[in-house]
Amino acid sequence: MKLCRRAKLKYRSPHKLRHTFCSHLAMRGAPARAIQELAGHGNLQTTQRYMHSSPAALERAIKLLELPSPGSPVGSGDMVETV
């Protein structure tokens with residue numbers, strides 16, 4: 001905190017860095033379980049509280065639905081039943 005004052009920066013706790021770390025990994029598509037391990041969280045629910053998505057990341061996630069499924073012909077448009 002003292003260094004932040006000397007540098008005339010707003011204080012950010014180390015805890016804030018954990019949120020930033022997890023959020024940036026999530027927004028770049030890292031699997032939640034990998035983020036959990038890297039953050040050292042004991043369970044996935046804790047990690048999910050640290051992962052914040054930007055509006056742009058949410059939009060990119062929706063656009064994934066527009067891509068063809070792996071192994072299917074481009075533009076096949078077949079409906080697939082899921083369970």
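Predicted model: local features only at pLDDT ≥ 70, side-chain atom pairs only at ≥ 80, totals over all residues.
Okay, let me open with a question: in which kind of crossing, right-handed or left-handed, does α2 pass α3?

The largest nonpolar core has five residues, and they are Cys-22, Ala-26, Ile-35, Ala-39 and Tyr-50. Two elements give two or more residues each to this core, namely α2, which is 14-27, and α3, which is 32-39.

Now back to the helix pair. The axes of α2 and α3 come within 10 Å, and they cross at roughly 155°. Anything over 145 counts as roughly antiparallel, and that is why α2 is described as roughly antiparallel to α3. And the handedness I asked about? α2 passes α3 in a right-handed crossing.

So who actually meets whom there? On the α2 side we have Arg-18, Phe-21, Cys-22, Leu-25 and Ala-26, and on the α3 side Ile-35, Leu-38 and Ala-39. Sort the residues of that contact by type and you get seven nonpolar, one charged and no polar.

Two more residues I'd like you to click on. Start with Gln-36, which lies in helix α3. Is Gln-36 buried or exposed? Its relative accessible area is 9%, so Gln-36 is buried, given that buried means under 20%. Not counting residues up to four places away in sequence, Gln-36 touches His-41, Gly-42, Asn-43, Leu-44 and Thr-47.

The other one is His-19, over in helix α2. Here the relative accessibility is 19%, so His-19 counts as buried too, with that cut-off at under 20%. Which residues does His-19 touch, if we skip those up to four places away in sequence? The answer is Arg-49, Tyr-50 and His-52. You've met Tyr-50 already, as one of the residues of the largest nonpolar core.

That's my tour, over to you.

Note on methods: Residues numbered from 1 in each chain as written. Heavy atoms only, no water. Core = buried A, V, L, I, M, F, W, Y, C linked by side-chain atoms within 4.5 Å. Buried < 20%, exposed > 50% of the residue type's maximum accessible area, 1.4 Å probe, protein only. Helix = DSSP H or I, 4+ residues; strand = E, 2+ residues; numbered from the N terminus. Axes fitted to C-alpha atoms, helices over the stretch in contact; angles between N-to-C directions. Parallel < 35°, antiparallel > 145°, perpendicular 65-115°, else oblique. Left-handed = near helix turned anticlockwise from the far one by under 90°. Contact = heavy atoms within 4.5 Å. Nonpolar A, V, L, I, M, F, W, Y, C, P; charged D, E, K, R; others polar.
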